[in-house]
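I opened my notebook to look up a few things in this model. My entries follow, one topic at a time.

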Amino acid sequence: MTAATVGDLFARDRRTDRPALEDATGRTYDAHWLCTSAWKAGNFLRHSGVREGVSVGVVGSGPMALLSFFGTTLLEGTTRFDPPTNLVDEGTSESSAAGDAYRVVVAPTPRVGDYRLPTGGQRIGYGESPDEPAVHHLDTGLWSENPSFPPIDTDPETPVLTDGDRTVTHGELLECGRDVIATNDIETGDRVVVRAPLSDPRAVAAGVIAPLLADGVCVLSSGHAESNASEGSTDAALEDRGAYAVTMSDRESTPEPRRIDLERVSI
């Protein structure tokens, strides 16, 4: 598909009933749900101050973590998956997106209190409902939010993702996703299993962005599942769940017939 920014992957005309995402338990979500839920996540995160230039820490690698990432991208913020627990000083480094402070951390509710944020930072838990009034609940917020999102004219050079050492722009992430599609001959409907941590931007490009661009299915595996009891039990480690596995180079084998080695993903 033609997309200049990650937000274009959630355009209104992409709301169809084709499968787009599968969690570690085997539950499938269609593109209509994914688009609408991404819009809801953006609307919800806006209330917590997410906007252009703001960094968001996201803990986990299941559907709620991905929705937090997608919602942040729609607001032109920058996501860091599995950030360090002390985020007070992270935003002052040159490696942080434009040197801006972390405004929000999103994590499974039992873990969200482990993270230190600058003054005024917001904690958002998902899964079980938080006991602390100061911690917002993502699940409840998504349920009540407006299922539409005003279009934003995002510059492709806007930072979208960071690993703490470098930032990746919308344009770079999409270019890498297209390269993965071309190199591996990924086609519509192909299932791409994420068997590498999303804290590595290459895993996001190959395991999330590439299948979305190709109208394939992003399949989340138990190896990097969220610590969230409400999502049920995780899949068997050696179960074949798709055509491709996105994996680290030091992993000797995967149950899927084709490997996308992160060492060969350029970003």
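**A loop residue.** I looked up Thr254 first. Thr254 counts as buried because its relative accessibility is 15% (buried means under 20% relative accessible area, exposed over 50%, partly exposed in between, with a 1.4 Å probe and protein chains only). Thr254 sits in the loop between β12 (244-247) and β13 (258-261). Helices (H or I, at least four residues) and strands (E, at least two) are DSSP runs, numbered from the N terminus. I then listed the contacts of Thr254, leaving aside neighbours within four places in sequence: Arg195, Ala245, Thr247 and Arg259. Contact means heavy atoms within 4.5 Å.

**Ground rules.** I noted that this is a predicted model, where local features need pLDDT of at least 70, side-chain atom pairs count only at pLDDT 80 or more, and totals for chains, interfaces and linings use all residues. Residues are numbered from 1 along each chain as its sequence is written, and side-chain values use heavy atoms, with hydrogens and water left out.

**The sheet.** I traced an open sheet of 6 strands, in the order β2-β1-β11-β10-β12-β13, with mixed pairing. Two strands pair if DSSP finds at least two bridges between them. The edge strands, β2 (28-30) and β13, each pair on one side only. From one strand to the next, the twist averages 25°. Axes are lines fitted to C-alpha atoms, for helices over the stretch in contact, and angles run from 0 to 180 degrees between N-to-C directions. Helix α1 (residues 31-46) packs on the sheet and touches β1 (19-22) and β2. The direction of α1 makes about 75° with that of β2.

I also checked β10 (residues 191-195): it runs parallel to β12, and 4 bridges join them. Arg195 stands opposite Thr247 in β12.

**Salt bridges.** How many salt bridges does the structure hold? I found 8. A salt bridge is a side-chain nitrogen of Lys or Arg within 4 Å of a carboxyl oxygen of Asp or Glu.

Arg241 forms one with Glu22, with the closest N and O atoms 2.6 Å apart. Arg241 is in the loop between β11 and β12 and Glu22 is in strand β1, so the pair ties together parts 219 residues apart in sequence. Arg241 is buried at 5% relative accessibility, and Glu22 is buried at 8%.

Arg202 and Glu263 also meet in a salt bridge (3.8 Å, N to O). Arg202 is buried at 18%, whereas Glu263 is exposed at 54%.
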